[in-house]
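Dear colleague,

The structure I said I would pass on is below. My notes on what turned up in it follow.

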Amino acid sequence: MSKLLLLPPASSSPSRLTSFQHSLSFSSPIPFHFQFPFSHTPGPGHLSLRAFNSNSSSSSQPISKSKEEEEEEEKESVKIGDEDYPSGEFEFEPITGWRNILVKLKMLVAFPWERVRKGTVLTMKLRGQISDQVKSRFSPGLSLPQICENFMKAAYDPRISGIYLHIDGLNCGWGKVEEIRRHILNFRKSGKFVVAYVPTCQEKEYYLACACEEIYTPPSAYFSLFGLTVQASFLRGVLDNIGIEPQVERIGKYKSAGDQLARRTMSEENCEMLTALLDSIYTNWLDKVSSAKGKSKEDIENFINEGIYQVDKLKEEGFISNIMYDDEVTALLKERLGVKTENNLPTVDYRKYSRVRKWTVGISGGKELIAIIRASGSISRVESQFSVSSSGIIAEKFIEKIRSVRDSKKFKAAIIRIDSPGGDALASDLMWREIQILAASKPVIASMSDVAASGGYYMAMAADAIVAESLTLTGSIGVVTGKFNLGKLYEKIGFNKETISRGRYAELLAAEQRPFRPDEAELFSKSAQNAYKQFRDKAALSRSMSVDKMEEVAQGRVWTGKDAAVGGLVDAIGGLSRAVAIAKLKANIPPDTQVTLVEISRPSPSLPEILLGVGNTLVGVDRTLKELLQSLTFSDGVQARMDGIMFQTLEGYPYANNILSIIKDYLSSL
């Protein structure tokens, strides 16, 4: 595992791919100035200034040290790794004695919408997109924090007998799937049952289902456990045909953002990176499934390679418990709980149970407060006029949250929960600085979800420690920028544009009717190189690496969380619970002391969300239009963004469209 220098914890001290628009304005990246608050003893995330000179004008140049000096520092330092951090593993402790009496009293005085019959089964449909943000009661869709909280509450709620999960067509990353799977296994420690019903099943759905005690499928279920693929689409041929030349400057040989526009085929470096990512995900899947089903990895892989799709074969081989329709599973649960055949099975669904407070079931937490600041989506510096409420990471708004936590004395620590492929490099740097200042006054832990890459990693590296899921996509330390040359397109359609300018580089991005001149191309490249060096060197500083060592894991390469930990980009593997445990450690809060997690700026429902929540039948169209408008808003400058990576199974959905998939893949990288 990665090893880091151990210093006293913080608490001990007092893109859019690039703008690609014909009206793109250009701003050269400004130099960064480092003003570290030396009154604060840095934690492992703020360990050394060796990556920079003290002169801000040359901050991207490393301080040269002899090999002997570096070896001496290595000997004198105390090192820690993943195994030295608290695991944050869930331990179920039944509520007994006076606490049990108190919980019963709380349930007697609970709000009407919190009333649940004894012997009730919690039902949750895990389908489609899963947001990492906390949602209001009026917001449609699933929320990972609320899913996980429901598992936790149900484990302790004496009124809940078990959980019945409908798992169907997940559209989220492996990080969220791993977090939900962990909570399924945690719930099982309560001794209550958890049953899965899976009508359509690919690798992600089965990864969750096999964590349950029993798996049921209808006889007509679509099962396609055929393996995983990773896809990359390229639009250069299309652009050439219509007379558009993309001029892309990407720094880092693995930085594939821009390849979809600039190339016709996959580069060797991109192929190497994607192959490593696919191998890591596939190996992890085999490991976890084989462990859950009590089979060898070879048996699981052989089964996949047979191309089995018949559910009776799945039952025969022990991959599912039985073949049943939903009503038959319900009847089975009624029999198990002693419910009469003519009566309905008492159930409570995900949305209603989400309104039950943790206080009601006796797990409200302790006096010590830890702030949770969530950062999900693409990174922008300011809010666009087309921005949807709560969409993406707006640096201005995020900084306000950071400062509110910093100024408040009630929070002992903060957790930055990141689910972002990056975006605007300037916005990422501004947030990095604010997180760094926050970390000077109290411990800050970064917790990664599906993805925390490029600008997402930029934010994380200001924290005292970084926690990622084993399959989180992270790293991608690199930048990309560019413009379109529309000269041939203008010629084809008979359009002409003439420019009068003053200043040698005034037309650098204003003249989209021609390619760069040699001197313009040189300036454009140097500007991107400068932005990359600042990103890389700050990463080296935060991870206590030499710049040369950081360069080995940077260059735009994307890593899984597990591999990022080996390379020193991540401190520990785990979910939010482990991040909380590490935050407690650094804040000098005893490990057995309960803490209260406070969501900063919980969402307030907007009027459109309220209308959607009470029955708008155009939810899908409405959301699609919002996302499309958001995707079409442009941002200027250098981008620290990971490209769109699609992991799919070999068996596509019957309604899939190749062209739409290409467009979706490209838009996912914007």
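Strand β17 and its partners

In this predicted model, strands β17 and β19 (residues 444–453) run parallel to each other and are joined by 6 bridges. Within that pairing, Ser420 sits opposite Ala452 of β19.

Strand β17 also pairs with β14 (residues 368–376), again in the parallel sense, here over 8 bridges. Ala375 faces Ile418 of β17 across this pairing.

Buried here means under 20% relative accessible area.

Helix α4

Helix α4 takes in residues 174–188. At 1.5 Å a residue, its 15 residues should span 21 Å, and the C-alpha atoms at its ends are 21 Å apart, which agrees.

How much of α4 is buried? The count is 12 of 15 residues, so this helix is largely enclosed by the rest of the structure. The buried residues include Trp174, Val177, Ile180, Ile184 and Phe187. Lys176, Glu178, Glu179, Arg181 and His183 are also among them.

The chain as a whole

The protein chain has 23 helices and 27 strands. It contains 670 residues, of which 53% count as buried. Its accessible surface comes to about 30200 Å², with 53% of that area belonging to carbon and sulfur atoms.

Regards

Conventions:
Residues are numbered from 1 along each chain as its sequence is written. This is a predicted model: local features need pLDDT of at least 70, side-chain atom pairs count only at pLDDT 80 or more; totals for chains, interfaces and linings use all residues. Side-chain values use heavy atoms; hydrogens and water are left out. Helices (H or I, at least four residues) and strands (E, at least two) are DSSP runs, numbered from the N terminus. The expected span of a helix is 1.5 Å times one less than its number of residues. Buried means under 20% relative accessible area, exposed over 50%, partly exposed in between (1.4 Å probe, protein chains only). Two strands pair if DSSP finds at least two bridges between them. Accessible areas come from the Shrake-Rupley method with a 1.4 Å probe; for residues, only the protein chains shown count as cover.
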